[in-house]
Amino acid sequence: MVELVLIPLLKIIVVLNATLLGVTYMVLLERKVIAWAQSRLGPMRVGPYGVLQPVADAMKLMLKEDITPARADKWVFTLAPILSMVPALVVYAVIPFGDQVHLFGRQISLYITDINVGLLYVVSVTSVGVYGIILAGYSSNSKWPLLASLRASAQLISYEIAITLTLVSVVLMSGTLSMVGIVTSQASQGVWYAFIQPTAFIIFFIGGLAETNRAPFDLPEAEQELTGGFHTEYSGMRFALFFLAEYANIIVVSSVATTLFLGGWLRPFPNVEFLSFLGVVPGWCWFLLKSFVFLYLFIWVRATLPRYRYDQLMRLGWKVLIPLAIANLILTAIVKVALA
Amino acid sequence: MSSPTPQYGPMFDTDELVINMGPQHPSTHGVLRVVLRLDGEKVVDADVVIGYLHRGVEKLSESRSWAQIVLLTDRLDYVSAATSNVGYCETVEKLMAIEVPRRAKYLRVILSELQRIASHLLWLGTHAMDTGAMTVFLYAFRERELILDLFEEYCGARLTYNSMRIGGLPQDLPPSWDRKVLEFCRIMEGKLEEYETLLTGNRIWLERTKGVGVIDGAEALALGLSGPPLRGSGVRRDVRKDEPYAAYDEMEFDVPLGVAGDTFDRYVVRMQEFRQSIRIIRQAMQGIPEGPILGKVPRLIKPPAGEVYHAIESPKGELGFFIVSDGKSMSPYRFRVRPPSFCNLQALPRLVKGHLIADVVALIGSLDVVLGEVDR
Amino acid sequence: MAEAIAFYVLAACILGFAVLVVTAKNPVHSVVFLVLDFLCVAALYVTLGAEFVAAIQVLVYAGGIVVLYLFVVMLVNVKRPPEAFRAGGRHAMLGLALAGAVLVEAAAIAVWSRLSPAAPASAAQSLPVSGNTEQVGWLLYTSYLVPFEVASMLLLVAMVGAIVLARKES
């Protein structure tokens with residue numbers, strides 16, 4: 001009973017809470033880092049250096065009036081934010097934050113579950129998230145959100161192809177779809193896949209920016225063009241769900257990138273003996289550190305780059321990234337067969 | 001999208017989408033309203049609707065005394081008040097044939113060029129912001145702040161300066177102000193490099209601006225464009241060179257020109273103008289003569305009957321004032337402004353046709369309109 | 001026991017959503033119910049131990065194809081007249097006939113498989129690979145190679161056709 005129900009339940013509770021906390025603080029981190037990039041201070045009022053800002057934000061969003069536009073499609077309007085939030089959280093079920101730890105005399109693995117199609121699960125669950133955006137745009141009964149949702153769905157579907165193709169190259173290297181298996185195969189091969197699959201790594205990062213609607217691909221919520229994008233008509237907690245889903249997705253992409261390309265919870269140079277003192281730091285710390293690097297990159301890119309235009313975004317996706325990803329996949333397969 | 005009466009007719013109707021951009025929209029720079037007709041994301045037609053900021057400055061002026069009108073000109077192009085002040089004062093001086101002291105002329109050049117830099121900084125920031133580069137916006141405002149400080153020290157105001165008088169200037173420079181201006185020029189030159197690093201060579205920026213909103217010189221002239229949008233199309237027209245006012249005839253500077261007439265060229269022209277403005281400020285600072293700052297102006301300003309048109313090069317383009325005086329009353333008989341923003345905005349429907357929504361905001365930014373001046 | 005409960009709950013959901021798909025007055029609502037239906041089907045696959053098929057079901061059907069349905073429904077603004085929702089009529093009869101035919105077919109398969117019990121089930125055991133994904137891949141590229149290739153050609157033809165149709169005459 002303890003093994004079957006209690007421990008997974010506890011893990012789910014811990015992961016969900018940690019994720020949501022992480023998401024709110026990701027927002028703060030973003031505001032702070034962008035502020036520093038722009039020679040500002042960022043939030044400073046709530047708590048020392050603004051560390052309690054997420055709490056204040058959450059309070060504000062929960063207390064705010066939750067408006068449903070008069071001629072909106074009410075049910076769908078409510079369903080949309082849920083549909084974008086749930087997949088973003090469900091993905092965490094297969095993300096391995098670390099190896100195993102000893103707690104209270106038990107061997108506990110630092111992931112909720114390890115299914116044999118883990119990577120496919122991640123891809124398929126995140127692909128459902130697009131409904132949130134499309135339905136939000138449709139149900140608002142407003143023109144700007146509709147335009148944004150059309151942009152978003154085209155963008156997400158296009159970049160999903162490129163991302164999935166890079167994942168296939170990684171799977172070719174590891175020979176397994178299990179997230180834990182991918183990390184352990186990096187350990188046994190003694191190299192992070194970022195080094196032997198640099199093209200896939202870069203395409204994954206660019207595609208990740210596009211999949212999470214981040215600058216320079218933040219067209220679906222381009223404030224300067226579409227006033228607020230697909231969530232123009234949303235307010236209060238329903239808006240907050242979209243907001244949280246976006247940041248949860250960023251953390252998902254960072255975690256997946258860490259697992260696939262940067263060796264997950266492994267320490268740097270996992271097979272180099274004289275660096276074994278790095279093993280003092282527990283695996284999950286390495287995982288968080290690596291994910292943090294990605295999060296920082298996401299923010300950094302946002303502070304630096306202008307936004308792509310819709311047609312340019314499509315051209316980049318279909319004419320550059322997808323062919324590159326296919327070429328990389330074929331090359332990987334050839335090399336793999338030649339070496340075997 | 002949906003018609004009022006239920007129709008079950010053609011299933012695959014693809015109507016054009018009519019959409020209101022503004023008057024409450026983040027990138028219409030105030031209260032501009034553009035009614036767009038879209039085919040997908042493509043702009044089929046655009047209709048510019050103005051007037052949301054109309055305060056009747058021209059009519060108001062006809063019941064204000066000549067000296068009071070300086071204050072109203074502050075509110076025309078409210079991010080470039082000093083140049084509007086210069087334009088109005090010089091027009092009245094022309095009408096009354098007042099000789100302005102050389103020192104005042106030099107100070108006018110310095111203030112105008114500082115104002116040009118401030119106005120261009122605001123343009124740069126908002127233009128970059130419209131295309132998604134938000135850091136440039138804050139950088140530009142950081143430097144604009146320095147100019148506002150300089151203006152504050154000079155005349156006490158940070159936005160609406162009221163910094164000119166008919167016949168000269170209200171006051172001389174504060175002590176050590178000149179040193180601060182030169183210090184600012186030094187800082188500004190370094191910061192320009194910073195902006196250019198972020199934008200000029202940036203692939204995304206180039207893709208967003210090159211070939212967007214191309215307009216050739218002849219058409220630009222026909223549409224009445226002036227200022228950087230006109231020079232971006234390669235037409236050499238700068239009031240400071242062609243009909244020098246203040247002390248511009250004594251300054252040495254180049255008129256940067258574009259070639260292609262697209263958004264990128266308009267951007268490059270303005271970026272070059274930053275450097276030219278710094279060059280002019282340095283020269284003026286060096287050659288600034290001693291002497292009075294206010295010419296011989298009668299106590300009661302009452303120009304003789306007649307009409308006059310005088311134009312200056314404001315940061316946005318050719319800012320002209322047409323004034324008719326009947327020689328009897330204490331205020332102008334007719335007061336008319338030729339605002340560069342208004343004339344430049346005329347080109348917008350022509351420029352956006354066939355482009356995407358994202359280009360509309362880039363083009364509004366590249367024309368650099370201020371609604372206070374458009375609506376007056 | 002637990003499996004049976006899961007099956008009946010999921011089956012009830014699938015049927016319920018399926019009914020909602022055809023009865024919903026708003027086509028967008030129909031599409032939303034279709035997505036939920038597909039998700040339940042995916043869950044059913046999981047209970048059968050076919051994780052790979054479940055993930056593909058979500059990825060391809062729920063996450064890909066239905067998005068395109070939604071696109072079309074939203075863009076062409078389909079409006080059905082109120083008469084279309086009246087009971088009876090030739091369409092309803094046709095639908096009932098089709099449903100009856102499918103039911104008979106399903107019953108026939110069930111009876112037939114009961115009479116001559118499964119031979120192909122053992123084929124999976126004799127595969128040289130283990131694991132869900134590997135087995136599907138092995139079968140696709142050995143026993144079912146020709147149908148697989150035919151299907152891919154069919155998709156290619158469809159794609160070319162779509163491009164030809166979508167291209168504007170210039």
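Mentor: Start with a cut-off: a residue is buried when its relative accessible area is under 20%. Keep in mind that this is a predicted model.

Trainee: Is Glu93(B) buried or exposed?
Mentor: Glu93(B) belongs to helix 3 of chain B, residues 81-96. Its relative accessibility is 5%. The cut-off for buried is under 20%. Glu93(B) therefore counts as buried.

Trainee: Which residues is Glu93(B) in contact with, leaving aside neighbours within four places in sequence?
Mentor: Contact here means heavy atoms within 4.5 Å. Two arginines are on the list, Arg108(B) and Arg165(B).

Trainee: How far apart in space are Glu93(B) and His310(B), C-alpha to C-alpha?
Mentor: In sequence, 217 residues separate Glu93(B) and His310(B). In space, their C-alpha distance is 9.9 Å.

Trainee: Why is chain B called as compact as a globular protein of its length?
Mentor: Chain B has 15 helices and 6 strands. For 376 residues, the globule rule gives 21 Å. Chain B counts as that compact because its radius of gyration is close to this, at 22 Å.

Trainee: What share of the residues in chain B is buried?
Mentor: The C-alpha atoms of chain B fill a box of roughly 80 × 50 × 35 Å along the principal axes. Chain B has 376 residues, and the buried share of them is 59%.

Trainee: How far apart are the centres of the positive and negative side chains of chain B?
Mentor: There are 45 positive and 50 negative side chains in chain B. The centres of these two sets are separated by 4 Å.

Trainee: Now chain A. What radius of gyration does it have?
Mentor: Its secondary structure comes to 13 helices and 2 strands. A compact globule of 340 residues would have a radius near 20 Å. Chain A agrees with that, at 21 Å.

Trainee: Is Arg238(A) buried or exposed?
Mentor: Arg238(A) sits in helix 11, residues 236-261 of chain A. Beyond four places in sequence, its contacts include Asp66(A), Phe77(A) and Pro81(A). At 10% relative accessibility, Arg238(A) counts as buried.

Trainee: Which three residues supply 20% of the area that chain B buries against chain A?
Mentor: The contact takes 35 residues from chain B and 28 residues from chain A. The area buried between the two chains is about 2,800 Å², with 60% from carbon and sulfur atoms. On the chain B side, the three that supply more than any other three are Glu41(B), Met134(B) and Ile204(B).

Trainee: And in chain C, which residues does Val31(C) touch, not counting those up to four places away in sequence?
Mentor: Val31(C) lies in helix 2, residues 27-47 of chain C. It is buried, with a relative accessible area of 7%. The residues it touches are Val66(C), Tyr69(C), Leu70(C) and Val73(C).

Trainee: What distance separates the C-alpha atoms of Val31(C) and Pro147(C)?
Mentor: Along the chain, Val31(C) and Pro147(C) are 116 residues apart. Their C-alpha atoms are separated by 30 Å.

Note on methods: Residues numbered from 1 in each chain as written. Chains lettered and ligands numbered in written order. Predicted model: local features only at pLDDT ≥ 70, side-chain atom pairs only at ≥ 80, totals over all residues. Heavy atoms only, no water. Helix = DSSP H or I, 4+ residues; strand = E, 2+ residues; numbered from the N terminus. Rg over C-alpha atoms; globule rule 2.2 N^0.38 Å. Buried area = accessible area lost by both parts, 1.4 Å probe. Buried < 20%, exposed > 50% of the residue type's maximum accessible area, 1.4 Å probe, protein only. Lys, Arg positive; Asp, Glu negative; His and termini not counted. Charge placed at Lys NZ, Arg CZ, Asp CG, Glu CD.
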